[in-house]
Amino acid sequence: MSVSGIGSSTYIYNIKTGKLASKDGSKDDFVDYFNGDTTGKQTDSLNGFDARKKSQINSMVRFYQSMGSSNRKGLFTEQNGDEYEITCDVVDAVTTQYSVNGEKVFKAYDMNVYTYINGQKAADALAYRLHGLKNEEQGGNSIRFGAGDVFELGNGYSLKITDCSVEAEGLGSGSEQQDQKAQQLAYGMNALIRFAAKQWAPDRIDSESTPMLLSMLRELGIDTDKTFQINGTRCEVRNGRIAEAGKRFGMPESVFEEAVKKYEEALSMPIA
């Protein structure tokens, strides 16, 4: 039997015995594993996807049994019959759709993927992903930052944008405190550009550099009291911090995809 993972599988669950059976009655390693007839370590055909699926099915049964009452018929209760057809559609390493007797019941999202997210390693070395839009193509209240741009800060300091970083130039021109301020602004600008490129989350734009960034944006003609665009990404100032307009949560797509890939590799390993 091949290693199970992404794909669809259907089983018959008996509420009296609490056990699964394959739909066609054939022998199935996952069925034996679910029913406790094997620990899963005796065969290399079972992996992390199977361990997760076993846990999710058990949780689903317990949850829907608890919903049963005299006024409401819950799933997996004797009043609805002894056997149920459960279909598991593993969409990807994060998402599984469960159906009972042919009816979609819920989607399970596995948040363990976030343990594999390391934005520093996943995105720091990447070149900036610029949308390639000119200011006039982005519309009003917008700006585009790109490699080669230099911004004079005064007192001998400037910021220079390269393909993958923002450098503070002129260090040593002033005091140690002024050097630190220029370096802080360079870090904040780097975080801002990577956020606009969907490479970093907005919380990487630190609170120390945010006031300087907002002041710089205003000097460049951006009204930060309204929605504005940076390299094609709609932004807003929310609770004093720069965030993507209209989005409360989320993770940059490139970082999330890297985490999903690592998580899928981990789930594909045989049960140890």
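Is arginine 238 buried or exposed?

1. Arginine 238 is buried, at 18% relative accessible area; buried means under 20%, exposed over 50%, and partly exposed in between, with a 1.4 Å probe and protein chains only. Its side chain meets that of glutamate 236 in a salt bridge of 2.3 Å, N to O, and glutamate 236 is partly exposed at 21%.

2. Before going on, please note that this is a predicted model, where local features need pLDDT of at least 70, side-chain atom pairs count only at pLDDT 80 or more, and totals for chains, interfaces and linings use all residues. Residues are numbered from 1 along each chain as its sequence is written, and side-chain values use heavy atoms, leaving out hydrogens and water.

3. The structure has six salt bridges, each defined as a side-chain nitrogen of Lys or Arg within 4 Å of a carboxyl oxygen of Asp or Glu. One of them joins arginine 52 to aspartate 110, with the closest N and O atoms 3.6 Å apart. This pair links distant parts of the chain, 58 residues apart: arginine 52 lies in helix H2 (residues 48-66), aspartate 110 in the loop between E5 and helix H3 (119-123). Helices (H or I, at least four residues) and strands (E, at least two) are DSSP runs, numbered from the N terminus. Arginine 52 is buried at 9%, and aspartate 110 is buried at 11%.

4. Lysine 27 also forms a salt bridge, with aspartate 32, at 2.5 Å between the closest N and O atoms. Lysine 27 is exposed at 63%, whereas aspartate 32 is buried at 17%.
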